[in-house]
Amino acid sequence: MVEKTAEETAEPIAPAGEAIEKKSLFGDQSAAKIAWDGLWKNNPALVQLLGLCPLLGVSNSIVNALGLGIATMLVVMGSNIAVSLIRHQVTDAIRLPVFVMIIASFTTCIELLMQAYTYELYKILGIFIPLIVTNCIILGRADAYASKHPVLPAAFDGFMMGFGFALILVLLGSIRELIGQGTLFASMDLLLGPVAENWTIVVFQDYKQFLFAILPPGAFVFMGFLIAIKNIIDKKIEEARKAREPAAQVGSKRVRVTGNIS
Amino acid sequence: MALVRQTSPHARGPNSTQQVMKLVLLAAMPGLAMQTIFFGWGTLINVVWCVLIALASEALILKIRKRPLSFYLSDGTAMVTALLLALALPPLVPWWLTMIGVSFAIIIGKQLYGGLGNNPFNPAMLGYVLLLISFPAEMTQWLPPSGIEGHPPVNGFMEALNSIFPLFGQGVNVDAISMATPLDIVRENSSLTINELWAENPVLQSFGGKSWIWINVAYLAGGLFLLYRRVFTWHAPVGMLAALFIMSTLFWGGTGSASHGSPLFHLFSGATMLGAFFIITDPVSSATSVRGRLIFGGCIGVLVYVIRAWGGYPDGVAFATLLMNMAAPMIDYYTQPRTYGHDKPKKGLPKTD
């Protein structure tokens with residue numbers, strides 16, 4: 001009860017709050033923690049399992065994965081910044097429609113940009129670019145993080161979450177491209193222009209296409225393996241941490257003074 | 001000396017996993033022999049190669065999972081999986097293709113789900129479907145059965161061995177001599193009546209042309225033997241064959257060019273009998289209740305016919321089995337038998353609130 005009144009009285013004195021925020025650039029969280037959350041501990045693709053539809057749908061080659069990864073990253077960052085900027089003006093009741101409209105406009109921008117500069121890739125990715133708007137990561141970060149934090153940490157969080165997503169997308173894309181077609185970095189010029197024309201690495205000569213890896217069921221299998229590997233690494237880290245801690249004493253601490261001790 | 005006190009029952013039943021698997025292997029032998037007679041040594045080489053890979057991959061995963069090796073390897077389930085997959089493959093598929101299929105079936109289809117008894121899908125069919133969608137060209141190259149004029153069969157052992165393992169020498173060009181199966185021919189036909197089609201294709205006429213019928217009869221015999229030994233009940237096979245029969249009678253289409261083939265043609269073509277007696281009777285991945293097995297088999301029969309007649313593949317036993325494997329738990333929930341002392345059987349999921 002006392003705390004509540006304190007909060008209520010604190011609200012009108014907004015400038016004081018802003019001052020505190022300014023003092024520590026990232027509010028109550030350190031930049032390292034945000035980065036660690038986005039890249040590993042709370043990775044949107046491996047832990048939250050958000051945005052599986054594009055993740056599994058387009059990760060059949062590195063160029064597709066990288067294209068969609070960058071697009072998603074830009075949308076998350078942009079929407080996080082915009083949501084954070086207007087977080088004091090938007091009330092709870094209308095926040096979701098507002099977020100969705102912001103995200104939709106950013107997605108439209110990205111779509112038009114891709115249509116202008118990477119037309120071939122735009123045609124390959126097709127429906128998955130407009131579908132970025134339905135990617136749960138973006139709305140999730142807007143609602144859970146950006147609407148409660150100042151601009152700079154929100155932007156950094158968006159960048160790190162998008163980067164974590166893009167990283168897994170590219171990793172999955174490279175595995176599937178390698179196993180499915182036996183190449184790496186094929187037709188990267190669709191995304192990066194003529195510089196990347198000769199980047200294709202043919203890992204296996206005369207490789208027979210392994211269609212399973214290119215089709216969606218393969219994506220599920222390889223995604224499962226990636227999650228399993230992450231869990232194994234987490235377990236190893238946890239075990240190492242426990243081993244470093246001093247072992248807790250087991251058993252009774254009372255000293256036995258009667259009877260025979262055998 | 002410590003005497004281990006055992007509780008009853010003390011009877012040593014004949015239905016250990018090992019014993020059942022031995023019977024299944026034995027019952028598949030007539031079919032294997034028929035396939036070898038008609039398609040040469042390739043099938044036999046495939047079976048041996050598949051069993052070797054299955055045992056090796058099973059041993060590898062058991063070692064990683066720290067399970068006792070000899071206990072699980074000697075129960076014969078990996079061998080049955082390998083055998084069924086090998087029987088479903090075209091006779092001269094290259095060695096690496098078999099290796100991918102069998103190791104996928106054992107490692108991902110069986111062991112990653114928790115090993116024997118925990119796999120929701122039939123491992124052999126999972127491996128087969130993986131190969132079918134990944135390498136459609138190799139997986140549809142069936143050899144001409146021996147005994148057909150104008151199509152020299154691959155009879156030599158070395159010929160077959162070299163075609164499967166090109167490391168040792170040059171084998172036959174499978175692509176050049178491969179031939180459509182009767183199911184393919186009827187499926188692709190759109191202009192000839194059935195009588196004209198029969199006249200046009202020697203594969204459907206001579207002794208060799210009836211090869212698929214003989215193979216199916218052999219599997220039927222093996223399956224009846226297993227029924228006689230009570231390895232499984234009659235419900236699933238009868239359900240499947242009856243449903244296939246009804247469907248192929250209803251949508252027969254007579255002898256015109258739009259015909260899908262007669263009911264007998266469907267019962268004795270492709271993998272019908274192998275599927276009905278050896279694949280859908282898998283005790284792990286099929287439905288468990290008596291009525292459930294009838295429904296399970298019936299739905300598979302319907303699906304097989306739907307895929308054969310209107311689907312994209314000439315045969316559909318593998319796809320139908322996998323689809324119904326997914327539905328098996330739900331079938332079981334709704335077909336629980338009435339237990340003694342209760343008026344009504346329990347149906348559906350237990351209520352949670």
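Axes are lines fitted to C-alpha atoms, for helices over the stretch in contact, and angles run from 0 to 180 degrees between N-to-C directions. This is a predicted model, in which local features need pLDDT of at least 70 and side-chain atom pairs count only at pLDDT 80 or more, while totals for chains, interfaces and linings use all residues. Residues are numbered from 1 along each chain as its sequence is written, and chains are lettered from A and ligands numbered from 1 in the order in which they are written.

**View 1. Helices H5 and H9 of chain A pack at an angle of about 165 degrees.**
Helix H5 of chain A covers residues 62–85, helix H9 of chain A covers residues 151–181, and their axes lie 8 Å apart. H5(A) and H9(A) are therefore roughly antiparallel to each other (angles under 35 degrees count as roughly parallel, over 145 as roughly antiparallel, 65 to 115 as roughly perpendicular and the rest as oblique). Their contact comprises 21 nonpolar, 9 polar and 2 charged residues. Here Ala, Val, Leu, Ile, Met, Phe, Trp, Tyr, Cys and Pro count as nonpolar, Asp, Glu, Lys and Arg as charged, and the others, Gly among them, as polar.

**View 2. Chain A contains 12 helices and 2 strands.**
Helices (H or I, at least four residues) and strands (E, at least two) are DSSP runs, numbered from the N terminus. Along the sequence of chain A, the pattern is α-α-α-α-α-α-α-α-α-β-α-β-α-α. Of the 262 residues in chain A, 32% are buried (a residue is buried if 20 or more other C-beta atoms, placed from the backbone, lie within 10 Å of its own).

**View 3. Chain A contributes 5 residues and chain B contributes 4 residues to their contact.**
Two residues are in contact if their C-beta atoms, placed from the backbone, lie within 7 Å. On the side of chain A that touches chain B, there are 5 nonpolar residues, with no polar and no charged ones.

**View 4. Chain B is assigned domain 1 (16–179) and domain 2 (180–333).**
These bounds come from an automatic or database domain assignment. The centres of the two domains of chain B, taken over C-alpha atoms, are separated by 21 Å. Domain 1 of chain B gives 31 residues to the contact, and domain 2 of chain B gives 32 residues. On the side of domain 1 that touches domain 2, H7(B) supplies the largest share, 6 residues. That side of domain 1 of chain B divides into 23 nonpolar, 7 polar and 1 charged residues.

Note on methods
Buried ≥ 20, exposed ≤ 12 C-beta atoms within 10 Å, placed from the backbone.
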